[in-house]
Amino acid sequence: CALSHLDFTLRDVAADRPLRMEGRAAIGRASRFEFALTGPAPAEYADRPGAWPLDLDARLEIGDAADVEALLASGAFPFPNLHAALNVHGALADHLHAALTLRTAESAADSPNALDLALDVDLSLPPPVAAHLFGGAELPAGFRFAPAPCAPPPGAISLTENPELALFLRHAQGQAHLAFPKIAYGQNVFERGAAQAFLRGGVLTVPTATCAAYGGTLEARGNAQLLACPLTYRLDRLTADQLDVGRPLAANGLAGQTKISGALHLEASGSGQAVAEPGLRTLVADAQARIDDLQTVGPGGSLMDQVWRQLDQPLLLKVAPRLKAKVAEAQRTATAIATTRYETATATLALRAGVATLSDARLAMPGYRLDLAGPIWPFDDRLDLAAQLVASPAETAQLVGDQDLSALLPYEDGGLLVPLAVRGALSDPQAVPDLDRLLQHALGGGGGGESGDSLLDELSASDRKHVEKGLEFLGTLLAP
């Protein structure tokens, strides 16, 4: 980065003359900066500097990102170019208006990032507060504000540690309007965006924020208690409607080899005080999600093929021999590309003390449904979910014939139930049959039909040894 053609002019310098200041500079080969600041004679406002009305116009043209890369951290400027304009007019003790626009040229294939944004802010302070903060005048008793001493916990902040900032936030009144026709970062594109915000008594309120993204819409509202110690914030409501769930996954490289589609509906809320990693476990959040017309296309066969491969267990196949055909067929699809369509996809999530509890999670497809529940530790990258695959009565009849195996295998709603455990890292969860529950049920010997002991006797020596080890381990878990 090289600055050149620097020009700074201060005209008619005198306290009793209007202020006129101008400046400009060239940056690199294709960028430039210029500004102009004007205002009435400063002497007229010597005893009330907060009431001095100014008029500032500033423009920054970045024609080539290479011109500013040396000034910023690597990757900090993601746009190929940028036009920025700032206008500030008025006085804090009366009414100060600021308008900021940021725009880039249309995104190109080699740089898909784009920005088109406009922010308007109106701000004012009571004249006695402005005179105190900017001129050192004594503050009338009615405007004094002395927050209690506070030491924020790790990962949180407090804005009350600076007395001048706390006084400003206590008495400042303002409103802001943000509009962004388009913000694009790679394949993440947000359009037709708008938001409003109000500042009163140290509380920043955002009553509405909306935009279009991923084929649907996002809406949010919330507030931040700027004078609380620590600073706290609350997301009263976040709504996502008709978002194509596959698009954000693909845009951020999270879909892997699987193509996912479906319309996401999300209702969420949350609150917290964390602004850095040490405080993230204090976040509180709730969310309910539904995906309509969910479909996945990817390797490894369908979801049920992947489940059947996990059910290649000697005891289970002995109890329900017809499962062998399903397992064998699933083994043959291990490298096949298959499509899975879901009739239902829902979930509820509650985050407390660093633990996200999943409940009411269900994936239903023709003939089967998969229910999941349990804890997820997002900040520790692990999960431990209990799942159960339930076959419809019609599918159950195909799997077990006319036999009633309820004495040996779990059933629910007239259909065969296979319990599963989903454990491991969030990035690579492993789903396996819950042998503890299966063994407890199959070897309980209740009801009619073949007993657990006779089933065990009929297994091969190697399979019997495998099951006996499972029983031994299960016994240690159940021992008083």
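Me: How many cavities of 30 Å³ or more does the count come to here?

Reply: First, the general idea: on a 1 Å grid over the protein atoms alone, a cavity is a set of points where a 1.4 Å probe fits but cannot get out. Grid points are joined across faces, edges and corners, and the volume is the space filled by probe spheres set on the points. By this rule, the count is one cavity of 30 Å³ or more. The largest cavity has a volume of about 40 Å³.

Me: Which residues line the largest cavity?

Reply: A lining residue has an atom within 4 Å of a point. Here they are Trp308, Leu323, Tyr368, Leu389, Val390, Ala391, Leu399, Leu416 and Val418. The elements giving two or more residues to that lining are β19 (382-391) and β21 (415-425), and β19 gives the most, with three. Helices (H or I, at least four residues) and strands (E, at least two) are DSSP runs, numbered from the N terminus.

Me: How many residues of each class are in the lining of the largest cavity?

Reply: Ala, Val, Leu, Ile, Met, Phe, Trp, Tyr, Cys and Pro count as nonpolar, Asp, Glu, Lys and Arg as charged, and the others, Gly among them, as polar. The lining has nine nonpolar, no polar and no charged residues.

Me: What does the model's average pLDDT come to?

Reply: This is a predicted model, where local features need pLDDT of at least 70, side-chain atom pairs count only at pLDDT 80 or more, and totals for chains, interfaces and linings use all residues. Residues are numbered from 1 along each chain as its sequence is written, and side-chain values use heavy atoms, with hydrogens and water left out. pLDDT is the predictor's confidence in each residue, from 0 to 100. The protein chain averages 86, and 90% of the residues score at least 70. Over residues 445-453, though, pLDDT stays under 50, and it also stays under 50 over residues 473-480.

Me: Why is helix α4 called largely enclosed?

Reply: Buried means under 20% relative accessible area, exposed means over 50%, and partly exposed is in between (1.4 Å probe, protein chains only). Six of the eight residues of α4 (residues 303-310) are buried, so the rest of the structure largely encloses this helix. Those six are Leu303, Met304, Asp305, Val307, Trp308 and Arg309. They pack against several elements, including α6 (323-332), β15 (337-341) and α7 (393-400). Trp308 also turned up in the lining of the largest cavity.

Me: Is Leu294 buried or exposed?

Reply: Leu294 sits in strand β14 (residues 284-299). With a relative accessible area of 9%, Leu294 is buried. To see what surrounds it, look at contacts, meaning heavy atoms within 4.5 Å. Leaving out residues up to four places away in sequence, Leu294 touches Val245, Ile260, Ser261, Gly262, Thr340, Arg341, Tyr342, Ala345 and Leu363. Leu294 and Gly246 are 48 residues apart in sequence and 9.5 Å apart in space, C-alpha to C-alpha.

Me: And what does Arg103 count as, at 38% relative accessibility?

Reply: Arg103, in strand β6 (residues 95-103), counts as partly exposed at that value. Among the residues Arg103 touches, not counting those up to four places away in sequence, are Leu82 and Asp116. Arg103 and Leu82 are 21 residues apart in sequence and 5.7 Å apart in space, C-alpha to C-alpha.

Me: How many helices and strands does the whole chain have?

Reply: The protein chain has ten helices and 22 strands. Of its 480 residues, 35% count as buried.

Terms used. On a 1 Å grid over the protein atoms alone, a cavity is a set of points where a 1.4 Å probe fits but cannot get out, and a pocket is an open set with protein on both sides within 12 Å along at least five of seven lines; lining residues have an atom within 4 Å of a point.
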